[in-house]
Amino acid sequence: MGHNHAGHDHNHTHSANKKTLLIAFTIITIYMIVEVIGGFMTNSLALLSDAGHMLSDSISLFIGILAFSIGEKVANANKTFGYKRFEILAAVFNGITLIAIAIYIFYEAILRFTNPPEVASSGMLYIAIIGLLVNILAAWILMRGGDTKDNLNMRAAFLHVIGDMLGSVGAIVAAIVIMLFGWNWADPLASVIVAALVLVSGLRVTKDALHVLMEGTPANVNVDEVIQLFHETKGIVSIHDLHIWSITSGHHALSCHVVIDDAMTIKESQSILQKIEHQLQHLSINHITIQMETTSHQHDNSLYCNLNLQKEHHHDH
């Protein structure tokens, strides 16, 4: 029952995420075209860098929608986990796109610092203000309708939009400074600040997505807590060959070998198994594979024997 409930919740947030991305994608794409035209007309790098970031938003949101659509494809003999991992590949692509855009903005800004061109500041100001409002609307839609906390793909899209919002703020400030003091270098300065923020979010998303691809332990799962759960369960002698990883955002898996007492009946071992599965679901693990072994038929594996030794050593103290 627990497994079905988790799957139902996962599908519900999945479709909500997809719908939310589609709305945000439409809003941002339309305004990105406006901002590109405005950037060229006013000769503002801050606006163009914001539009460039908006283009990456647009691509990122589109890939996010594509990832959710592909992720919906059912598992088959060729892909037994289905296509859920595509969401993580999309997050890697998004992260790398953000890093590339940041580097390009840095490069353009350096050229403009050496020779600041004339900027039509009033036009730049109006476009940047509308851009800010559009980004606030998109961020609000993503936060309200999507899972921006646990889903990497949604978080990548959300960070794109937040970076974009800051880009619009930078362009507004630069436009006001140019209007008041005639300091044209405020335009490339604003774009450098945006680029730094874009770079940080790009590195963070890429790092988190690569962690999933490397089958690293999920951030919200405490390995020590999981091991302790097994050790404190009556009838379990030891565990080994423990693996905890993420299939995709919010979908964590565990596999291990559990050594039980020789005297235990099949019914007793099944009862232990059900109890552990129930408790593991409370620790955010929803795909569980446990192999039961008796002490006389145990497959010795040195990989996690040291964990048992550490635990025994810890209990002795």
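Asp241 sits in strand 1 (residues 236-248), where helices (H or I, at least four residues) and strands (E, at least two) are DSSP runs numbered from the N terminus. At 19% relative accessibility, Asp241 counts as buried; the cut-offs are under 20% relative accessible area for buried, over 50% for exposed and anything in between for partly exposed, with a 1.4 Å probe and protein chains only. The phi of Asp241 is near 55°, a positive value in a residue other than glycine. Glu215 also has a positive phi, near 60°. Glu215 is found in the loop between helix 6 and helix 7 and is partly exposed, with a relative accessible area of 44%. As background, most residues other than glycine have a negative phi.

A word on conventions. The model is predicted, so local features need pLDDT of at least 70 and side-chain atom pairs count only at pLDDT 80 or more, while totals for chains, interfaces and linings use all residues. Residues are numbered from 1 along each chain as its sequence is written, and side-chain values use heavy atoms, with hydrogens and water left out.

Zooming out, the protein has nine helices and three strands, and along the sequence they follow the pattern α-α-α-α-α-α-α-β-β-α-β-α. Of its 317 residues, 47% count as buried. Contact here means heavy atoms within 4.5 Å. Among contacts between residues at least 6 apart in sequence, 76% join residues at least 24 apart.

Next come the helix pairs. Two packed helices are described by the angle between their axes and the distance between the axes. The axes themselves are lines fitted to C-alpha atoms, for helices over the stretch in contact, and angles run from 0 to 180 degrees between N-to-C directions. Helix 3 (residues 86-114) packs on helix 6 at an angle of about 155°, with the axes 7 Å apart. The two are therefore roughly antiparallel to each other; under 35 degrees counts as roughly parallel, over 145 as roughly antiparallel, 65 to 115 as roughly perpendicular and the rest as oblique. The crossing of helix 3 and helix 6 is left-handed, which is the label if the near helix is turned anticlockwise from the far one by less than a right angle, with right-handed for clockwise. By class, the contact of helix 3 with helix 6 has 25 nonpolar, five polar and two charged residues. In that scheme Ala, Val, Leu, Ile, Met, Phe, Trp, Tyr, Cys and Pro are nonpolar, Asp, Glu, Lys and Arg are charged, and the others, Gly among them, are polar.

Two residues of helix 6 give some local detail. Thr206 lies in helix 6 (residues 186-213) and is buried, with a relative accessible area of 9%. Leaving aside neighbours within four places in sequence, Thr206 is in contact with Val92, Gly95, Ile96 and Ile99. Val198, likewise in helix 6, is buried at 1% relative accessibility. Not counting residues up to four places away in sequence, Val198 touches His53, Leu98 and Ala102. Val198 and Leu98 are 100 residues apart in sequence, yet their C-alpha atoms are 6.0 Å apart.

As for the other helix pair, the axes of helix 7 (residues 223-231) and helix 8 (residues 266-282) come within 11 Å and cross at roughly 160°. That makes helix 7 roughly antiparallel to helix 8, and their crossing is right-handed. Val226, Leu229 and Phe230 in helix 7 meet Ile276, Gln279 and Leu280 in helix 8. By class, this contact has five nonpolar, one polar and no charged residues.

Over in helix 5 (residues 152-181) is Met179, which at 44% relative accessibility counts as partly exposed. Met179 touches Ser121, Ser122 and Leu125, not counting residues up to four places away in sequence. Between Met179 and Ser121 the C-alpha distance is 6.0 Å, for a sequence separation of 58 residues.

Finally, the rings. The structure holds three aromatic pairs; rings of Phe, Tyr and Trp (its six-membered ring) pair if their centres lie within 6.5 Å, with planes under 30 degrees apart counted as stacked, over 60 as edge-to-face and the rest as tilted. Phe181 and Trp183 have ring centres 4.6 Å apart and planes at 20°, so this pair is stacked. Trp183 and Trp185 are stacked too, with centres 5.4 Å apart and planes at 15°. Phe181, Trp183 and Trp185 form one aromatic cluster. Trp183 counts as partly exposed at 40% relative accessibility, and Trp185 is partly exposed at 39%.
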